[in-house]
Amino acid sequence: MNTRSLNTFSRGLVVRLLILCCIAGLWGWCLTLEYYWATKLLLTLLFGVTVAEIIYYAGNPQQRISSFAESLLFSNDLPILTLPAKDDAELIFRRFVEIVRQIKMEKEAEYELFVATTNHLAVALLVFDRNGRIKLCNNTALQLFRVPSLNHISQIALFSRELADTLMDIQANEQSLVKTELAGRPVKLSVRASHVRFADEMWNIVTLQDIQQEIAQEETEAWQKVIRILAHEIINSTSPINMLIGSLEKIVHKEHWTEVDRQDMETGLQAIGKRSRGMTSFVENYRTMTAIPAPVYSQVEINRLLQRIGLLFREEADAKNISLKIAEPSGIVLQTDERLLEQVLINLVRNAVDATDKPQAYISLNVTCDKQGLLLEVVDNGCGIAPENVGSIFTPFFTTKKAGTGIGLFISRKIMQSLRGSLTVQSVPNRGTVFRIWHPLS
């Protein structure tokens, strides 16, 4: 339709130009004649009318399109054309309006889809400029602040000045945790931000997620797990004690004790004492687990620390035919608590020695250092950890060793967390285990 209208317009313009040329020719011929003043005047008027009609015919679509384009700057409404087109220019103009209306409808549909998507998010989303003017706010954000609308960050300052300051100051790719109150209820908000430049202006895209409920749920699950472990340990200790007490009561009620009764009484009391000491040790381990001292930082030479660990386990490793390989890094000095870091290394090497019992066994301590931090690896080729147990080895009192307490790895991870580092594990059954200690340089 568009090409056809343009061809029609071009033909109409050519016909008008040909008519204009014919009139100009006749007018020029009449000028050579001495009389025919009326004809000359008529041709002159006809020439002017034709020129004006051509100007109107050629300029009409441009004027309409120009006026239409300018109106788009001040209005979102497009003209609705219902009457039949008067000429080819009208057809071109209507085609132009139709194309713009279609593009506008597509953009509006895309925007509605975008808004619906943001409203579907379970996290609060805010988009605002450097002055705090909010461009976009999804329904989750409105529900979080319990307001019908948000237009400026200053409105958030009415609920929480700390949160408003965090939103204005947070940098790109930064994550922050804000503890505050909203609508009289305590919340813990995880705030993440990114920056994007659009239409020559910088916009802040910030997400806010209330993690109060998730933290409470994790704390509840952790307490339930500890309670199950405590209950299991207590039941395991009290059940045999109750049975022994019943047997000893029967002996006590006898009038005459035989030598066998005396031996049974002695054995029973020893068993009760042993089990009681075991419960005491269990409670003491639990108390130790919850009382890790605060780090005391100092300059620690890593090479000397590793060599000291090697001396502690060298004799036991030789006795078990375990090849103990200790890295010898030079010039690496770390700002850390030497006593706590040494305790972690001892726990990990201790576990590696207990897990390594096969020909050509080895344990190695490796060191890697970069600009971000120090990586210490305790590697062994022992029995490894079963996949179903990997997620539980850092749980308090979980152990697969007969004489284990199940708190060594838990304490080791807590120590690394207190040092602002981390402790992770990677293991393959029957092939070995790698414990990785990461410690920041500063």
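Modeller: Start with a pair of atoms. The backbone nitrogen of Y362 lies 3.0 Å from a polar atom of the N381 side chain. This is a predicted model: local features need pLDDT of at least 70, side-chain atom pairs need 80 or more, and totals for chains, interfaces and linings use all residues. Residues are numbered from 1 along each chain as its sequence is written, and side-chain values use heavy atoms, without hydrogens or water.

Biologist: Where does N381 sit, and why does N381 count as buried?

Modeller: N381 is in the loop between β10 (373-380) and α11 (387-390). Buried means under 20% relative accessible area, exposed means over 50%, and partly exposed is in between (1.4 Å probe, protein chains only). N381 has 9%, so N381 is buried.

Biologist: Which residues is N381 in contact with, leaving aside neighbours within four places in sequence?

Modeller: They are T356, K358, Q360, A361, Y362, R431 and G432. Contact means heavy atoms within 4.5 Å.

Biologist: Is Q360, then, buried or exposed?

Modeller: Q360 is exposed, because its relative accessibility is 75%. Its place is in the loop between α10 and β9 (361-369).

Biologist: What is the phi of Q360?

Modeller: Phi of Q360 is near 55°, a positive value in a residue other than glycine. Most residues other than glycine have a negative phi. R146 is another non-glycine with a positive phi, also about 55°. R146 lies in the loop between α4 (139-145) and α5 (153-157). At 57% relative accessibility, R146 counts as exposed.

Biologist: How do you know what to call a helix or a strand?

Modeller: Both are DSSP runs, numbered from the N terminus: helices are H or I, at least four residues, and strands are E, at least two. The chain has 12 helices and 12 strands. Of its 442 residues, 33% count as buried.

Biologist: Why are α10 and α12 called roughly antiparallel?

Modeller: Look at the angle. The axes of α10 (338-355) and α12 (408-418) come within 9 Å and cross at roughly 150°. Axes are lines fitted to C-alpha atoms, for helices over the stretch in contact, and angles run from 0 to 180 degrees between N-to-C directions. Under 35 degrees counts as roughly parallel, over 145 as roughly antiparallel, 65 to 115 as roughly perpendicular, and the rest as oblique. The pair is therefore roughly antiparallel. On the α10 side, the contact includes L340, L341 and V344; on the α12 side, it includes L409, I411 and I415.

Biologist: Which classes of residue make up that contact of α10 with α12?

Modeller: It has eight nonpolar, six polar and no charged residues. Ala, Val, Leu, Ile, Met, Phe, Trp, Tyr, Cys and Pro count as nonpolar, Asp, Glu, Lys and Arg as charged, and the others, Gly among them, as polar.

Biologist: How do α9 and α10 pack?

Modeller: Helix α9 (302-319) and α10 pack at about 35°, with their axes 10 Å apart. Among the residues in contact are F313 and E316 of α9 and L341 and V353 of α10. By class, that contact has 10 nonpolar, no polar and five charged residues.

Biologist: What makes V353 buried?

Modeller: V353 is found in helix α10. Its relative accessibility is 2%, so V353 is buried. F313 is 40 residues away along the chain, with its C-alpha atom 8.6 Å from that of V353.

Biologist: How do you know that T336 is buried?

Modeller: T336, in strand β8 (333-336), has 0% relative accessibility, so T336 counts as buried. A polar contact of 2.9 Å joins the side chains of T336 and H439.

Methods:
A polar contact is a pair of N or O atoms within 3.5 Å; within protein, one must be able to donate a hydrogen and the other to accept it, and residues adjacent in sequence count only if both atoms are side-chain atoms.
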